[in-house]
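Trainee: I have a new model open and would like to go through it with you. Could you take my questions as they come?
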Amino acid sequence: MSNELVPLSTALGLALQAKGLLLATAESCTGGGVAQAVTDISGSSAWFERGFVTYSNGAKTGMLGVPAALIAAHGAVSEEVAAAMAQGTLRHSDAQVAVSTTGIAGPTGGVPGKPVGTVCFGWAMAGRVQTERRVFAGDRQAVREQAVAHALRELLRFIQ
């Protein structure tokens, strides 16, 4: 785990525990990296409930209830799908807070308007949803690492 992720995950865990909240994740391009970062922290079972790795569109639909029509209309890599993933995570878990990632880590897969490095995020809790689209630089691993750190950093802000 990178040097940034340890203090970030620790701070997130403390904030979630202080509020009595459980976290669940829904990940596509990060392949479980967000869940790994938080479960690398000893005691995370007190605040981490579960993680979904929904890499395919079928998994997003089947496991999280993301409408296939939404994916068809906006693409899997979209803020709309990231929001639906986060909301679906709350519906399909016992968590009160969710974070989702969906993107194009590369080196292939980029299309006009959605280059390699594009990642969409969703954060949801108590009827609130926030989304963001970012484009990260670097190779596949760099994009994924930056996405995990960003997901956690913004989740910490979102719950406070």
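Mentor: Gladly, and keep in mind that this is a predicted model. A place to begin is Arg-128, which, leaving aside its neighbours within four places in sequence, is in contact with Trp-123 and Phe-158.

Trainee: Which strand is Arg-128 in?

Mentor: Arg-128 belongs to strand S5, which covers residues 128-135.

Trainee: And is Arg-128 buried, exposed or partly exposed?

Mentor: Arg-128 is partly exposed, since its relative accessible area is 41%, and that value falls between the limits of 20% for buried and 50% for exposed.

Trainee: How far is Arg-128 from Ala-151 in space?

Mentor: From C-alpha to C-alpha the distance between Arg-128 and Ala-151 is 16 Å, and the two are 23 residues apart in sequence.

Trainee: Let's move to the helices. At what angle do H1 and H6 cross?

Mentor: The axes of helix H1, residues 5-19, and helix H6, residues 140-159, cross at roughly 30° and come within 10 Å of each other. That angle makes H1 roughly parallel to H6, because angles under 35 degrees count as roughly parallel.

Trainee: Is that crossing left-handed or right-handed?

Mentor: The crossing of H1 and H6 is left-handed.

Trainee: Which residues meet there?

Mentor: On the H1 side they include Leu-5, Leu-8, Leu-12 and Lys-19, and on the H6 side they include Val-148, Leu-152, Arg-153 and Ile-159. Taken by type, the residues of the contact of H1 with H6 divide into twelve nonpolar, one polar and two charged.

Trainee: Can we stay with Leu-12 for a moment? Is Leu-12 buried or exposed?

Mentor: Leu-12, which lies in helix H1, counts as buried, because its relative accessibility is 0%. Leaving aside its neighbours within four places in sequence, Leu-12 is in contact with Leu-23, Val-38, Leu-152, Leu-155, Leu-156 and Ile-159.

Trainee: How far apart are Leu-12 and Leu-152?

Mentor: Their C-alpha atoms are separated by 7.5 Å, although Leu-12 and Leu-152 are 140 residues apart along the chain.

Trainee: What about Asn-3, where is that found?

Mentor: Asn-3 is in the segment before H1, and Asn-3 is exposed, with a relative accessible area of 72%.

Trainee: Now the backbone. Where is the cis peptide bond?

Mentor: A cis peptide bond joins Gly-106 and Pro-107, with omega at about 5°. Pro-107 is in the loop between strand S3, 97-103, and strand S4, 118-125.

Trainee: And which residue other than glycine has a positive phi?

Mentor: Ala-126 has a positive phi, near 45°. Ala-126 sits in the loop between S4 and S5 and is exposed, with a relative accessible area of 76%.

Trainee: Why point these out?

Mentor: Because most residues other than glycine have a negative phi, and most peptide bonds are trans.

Trainee: Last one, Gly-117. Is Gly-117 buried or exposed?

Mentor: Gly-117 is buried, with a relative accessible area of 0%, and its place is in the loop between S3 and S4.

Trainee: What does Gly-117 touch?

Mentor: Not counting residues up to four places away in sequence, Gly-117 touches Ile-104, Arg-134, Val-135, Phe-136 and Val-143. Gly-117 and Gly-138 are 21 residues apart in sequence, and their C-alpha atoms are 7.5 Å apart in space.

Methods
Residues are numbered from 1 along each chain as its sequence is written. This is a predicted model: local features need pLDDT of at least 70, side-chain atom pairs count only at pLDDT 80 or more; totals for chains, interfaces and linings use all residues. Side-chain values use heavy atoms; hydrogens and water are left out. Axes are lines fitted to C-alpha atoms, for helices over the stretch in contact, and angles run from 0 to 180 degrees between N-to-C directions. Helices (H or I, at least four residues) and strands (E, at least two) are DSSP runs, numbered from the N terminus. Angles under 35 degrees count as roughly parallel, over 145 as roughly antiparallel, 65 to 115 as roughly perpendicular and the rest as oblique. A crossing is left-handed if the near helix is turned anticlockwise from the far one by less than a right angle, and right-handed if clockwise. Contact means heavy atoms within 4.5 Å. Ala, Val, Leu, Ile, Met, Phe, Trp, Tyr, Cys and Pro count as nonpolar, Asp, Glu, Lys and Arg as charged, and the others, Gly among them, as polar. Buried means under 20% relative accessible area, exposed over 50%, partly exposed in between (1.4 Å probe, protein chains only).
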